[in-house]
Amino acid sequence: MSESKNFHRSDDPAHGLREGGPGAVGPAGAPGHDRDSEPDSGRGSGQDAGRASRPMARMFPPGAGPSPDPAGSHHERRIRSFQPRRSRVTKGQRAALERLWPRWGFDVDGLRKLDLGELFGDPDLPVVLEIGFGMGEATARMAAADPDTGILAVDVHTPGQGNLLRLADEKGLDNVRVGNGDAIILLREMLVPDSLSGLRIYFPDPWPKARHHKRRLIQPEFLDLAAGPLRSGALVHCATDWEDYAEQMLEVFTAHPEYENTQPDGGFAPRPANRPLTRFEGQGLDKGHAVRDLLFRRR
Ligand SMILES: C[S@@+](CC[C@H](N)C(=O)[O-])C[C@H]1O[C@@H](n2cnc3c(N)ncnc32)[C@H](O)[C@@H]1O
C-alpha cells in the first residue's frame, strides 16, 4: 500500500487543507440536498471550499445524537471530500434522531475500533459500507431488498442521517446503522481488516473545478485505505454522472493492484438491477448527464 497523502493522519500539517477547526464538520447540507446553485463540490449549497465554517452548536446531548464534530480536534488537518454545509433539520428528522440515534447511530470519532458483529447484533452478518448516502432513500430501499446484509451507512449530513433513520424505522429495517462523520476516519481508524463484504459509493461529490480535484474521494490513497477493511472478493460499486470523474475512477481502480474489474472488457459496468435511482442521479439525468457504474472486486 502506498502512503496516503490526501487522507493522511492529522499530525502532519504539511499535507492537506485546513477547513476550520473543531466544528468544521457539522449538521450540514441543504434540506433538499440538491445541486442547483453554483457549487464548489458540484452539488449545491455553494460555500467556498477553502473557507472555514463556523463551529456548530451541539444539537443533542453527548451520545444522544450526532455530534457536531466527532473527530475534528484530533484529526483536523486533512483534505475533506465533502462540503461543509448547514441546513435545517426538519421536525421529523429531529424526532427520528432523538429516538433512534442511541440504537442505530454512532459518531465516527476515530477513537475506537468497531465490532461490526456487535453493532449489527449478528457476528455472521455480511456488512457493506455505503459512503455518502445523502438523504438515504436509495440506502433504505437497498437495505429493505436485502435484509441479510448489514448496511453501514456513513455521511456527515445530519438531515440525511435523520431521514435515513426515519425510513429504516418506517420500513421496519434492522440492518442499517448510521455513522456520523468522515468516511476516511472510519476506514482508517475504526474498521478492522477483512471486516467488510462490500463498498458502495453513489454519486460522490464531483468537485468539478480543477483546483478542487484533490478533494475527490476516489483516488489511489483512498483505494489503499479501503483495501484494508475489505475482504478478498468484496464488491466495490461506484456510480457517477460526471464524465471526467468516471474516467478518473476507472483509471485509478484499474491501476490499483488490490482491485480487479468485474467487466471482462475492463470498462464500465451495466447498471446493476439492485441499485435504485438516487436523488443525485435523478438530478444529473434531468441535466442530460450520462451515468456510469463501476464494479470492481477486492482481490
Ligand atoms: C453528491 S452527494 C450524493 C448522495 C447520494 N449518494 C445520492 O446519490 O443522492 C455526496 C454525499 O457524500 C457525502 N460525503 C462526501 N464525502 C464524504 C466523506 N468523506 N465521508 C462521509 N460522507 C461524505 C456528502 O455529505 C454527500 O451527502
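In what follows, Ala, Val, Leu, Ile, Met, Phe, Trp, Tyr, Cys and Pro count as nonpolar, Asp, Glu, Lys and Arg as charged, and the others, Gly among them, as polar. By that scheme, the shell around the ligand has 12 nonpolar, 6 polar and 6 charged residues.

Before I continue, two remarks on the source. This is a predicted model, in which local features need pLDDT of at least 70 and side-chain atom pairs count only at pLDDT 80 or more, while totals for chains, interfaces and linings use all residues. Residues are numbered from 1 along each chain as its sequence is written.

Let me stay with the ligand. It is surrounded by 24 residues, and Phe82, Gly132, Gly134, Phe203 and Thr278 are the closest; a residue is near a molecule if its C-beta atom, placed from the backbone, lies within 6 Å of it. At least two shell residues come from each of β3, α5 (183-190) and α8 (279-286), and α8 gives the most, with 3 residues. Helices (H or I, at least four residues) and strands (E, at least two) are DSSP runs, numbered from the N terminus.

I turn now to helix α3, residues 137-145, where Ala138, Thr139, Ala140, Met142 and Ala143 are buried. Buried means that 20 or more other C-beta atoms, placed from the backbone, lie within 10 Å of the residue's own. The partners of these buried residues are β2 (127-131), β3 (150-155), α4 (158-170), β4 (176-180) and β5 (196-202).

How are α3 and α4 arranged relative to each other? Their axes, lines fitted to C-alpha atoms over the stretch in contact, are 9 Å apart and meet at an angle of about 30°, on a scale from 0 to 180 degrees between N-to-C directions. The two helices are therefore roughly parallel, a term for angles under 35 degrees. Glu137, Thr139, Ala140 and Ala143 of α3 meet Leu164, Leu167 and Ala168 of α4; contact requires C-beta atoms, placed from the backbone, within 7 Å. By class, this contact has 5 nonpolar, 1 polar and 1 charged residues.

Finally, consider leucine 230, in strand β6. Is leucine 230 buried or exposed? Leucine 230 counts as buried because 27 C-beta neighbours lie inside 10 Å. Beyond its neighbours within four places in sequence, leucine 230 is in contact with Leu196, Leu199 and Arg298. Serine 197 is 33 residues away from leucine 230 in sequence, yet the C-alpha to C-alpha distance is 6.2 Å.

Methods. A residue is buried if 20 or more other C-beta atoms lie within 10 Å of its own, exposed if 12 or fewer, and partly exposed in between; C-beta atoms are placed from the backbone. Two residues are in contact if their C-beta atoms, placed from the backbone, lie within 7 Å. Angles under 35 degrees count as roughly parallel, over 145 as roughly antiparallel, 65 to 115 as roughly perpendicular and the rest as oblique.
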